[in-house]
Amino acid sequence: MKTAIINDLTGNETLKTIFERRAVRKYRPDMIDDDVLNKILDAGCMAPSAMNGQPWKFYIATHKDTIASFSEAIVKIMPKMAIKETLKHPVATIKTLLHELPHTMHSGGEDPIFHGAPVVVFITAPKDNEWAGLDIGMCAQNLMLAAKSLGLDSCPIGFAKFIEQTPVFHRLEVPDGETVQLAVILGYGVEKPEPHPRAEHNVIFIDRMECC
Ligand SMILES: Cc1cc2nc3c(=O)[nH]c(=O)nc-3n(C[C@H](O)[C@H](O)[C@H](O)COP(=O)(O)O)c2cc1C
C-alpha cells in the first residue's frame, strides 16, 4: 500500500473521494433521488473521450423485480458464457472468474449479479467504436466518483455484458448498433470494505527532472 499518499489527503476532497471509493456489494433498498442520479449521470458525461466521441448511452433499471430478473437471467447463462470466453481468452477469463465469481456468492443467493443495488446503469457504446472500452471506463469512473462524493456507493459490473445473451435483453431496448460495455450499480451501501492492497513497484520514471 502506498501509505505516503493516503496519509496526506487533508483538505483535498477529490483525492479523498478517489481513495474512499470501494466496490460495494451490499445496499439499502432506498431509491436514489432523481436530482442526485442526474448529477451522477452528468458527471459520467463529463468524462474525456477519444476524438470527443462521447459514445456512452445509459439504460437504467430501478425496479427491484426488473433487476432481479436480469440477475437471474445472467446467472442462468453464466456457465455457457464462461466456457465460450475461456475458449477465446483462457488466461484472462479464468483470472476474471476466480476473482469475480466469489463476489456473486457474497449476496447469499439473492441478486448475485447486481448485489441488491436499487439502481443499475447499463452503459452502451456503438459496436464500431474502437475506443469505446477506454471511453466507457472513464465514464464509469466518473459515475462512481460522483456517486461517492454525493454519499453513495457503487460497483462496476462486468458480468452485466452477458445480458446481451439472455432472453430478457430486449427489455433494455438497446438498438442493434450498440453493445453493452459495462454496468455500474449505485445505491447507499451497507458495508465498508477495506481497501485492497495496491500493486507496488509500478511507477517507472524514465527521465526524472529535479523539482525547482
Ligand atoms: C471492468 C470491471 C469489471 C468488474 N466486474 C465486476 C463484477 O462483475 N462483479 C463484481 O462484484 N465486481 C466487479 N468489479 C469490481 C472489482 O472486483 C473491484 O473493483 C476490485 O476488486 C477492486 O476493488 P475496489 O474497487 O474496492 O478497489 C469489476 C471491476 C471492473 C473495473
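## Contacts and overall fold

Let's start with how the protein chain folds back on itself: among contacts between residues at least 6 apart in sequence, 81% join residues at least 24 apart (a contact means C-beta atoms, placed from the backbone, within 7 Å). Keep in mind that this is a predicted model, where local features need pLDDT of at least 70, side-chain atom pairs count only at pLDDT 80 or more, and totals for chains, interfaces and linings use all residues. Residues are numbered from 1 along each chain as its sequence is written.

The protein chain has six helices and four strands, running α-α-α-β-α-α-β-α-β-β from the N terminus on. Helices (H or I, at least four residues) and strands (E, at least two) are DSSP runs, numbered from the N terminus.

## Size and burial

The C-alpha atoms fill a box of roughly 60 × 40 × 35 Å along the principal axes.

Of the 212 residues, 27% count as buried, i.e. 20 or more other C-beta atoms, placed from the backbone, lie within 10 Å of the residue's own.

## Around the ligand

The ligand is surrounded by 13 residues, with Arg22, Ala23, His103, Gly158 and Phe159 the closest; a residue is near a molecule if its C-beta atom, placed from the backbone, lies within 6 Å of it. Helix H5 (90-106) and strand E3 (153-157) each supply at least two shell residues, and E3 gives the largest share, three residues.

By class, the shell has seven nonpolar, three polar and three charged residues. Here Ala, Val, Leu, Ile, Met, Phe, Trp, Tyr, Cys and Pro count as nonpolar, Asp, Glu, Lys and Arg as charged, and the others, Gly among them, as polar.

Notes. Buried ≥ 20, exposed ≤ 12 C-beta atoms within 10 Å, placed from the backbone. Contact = placed C-beta atoms within 7 Å.
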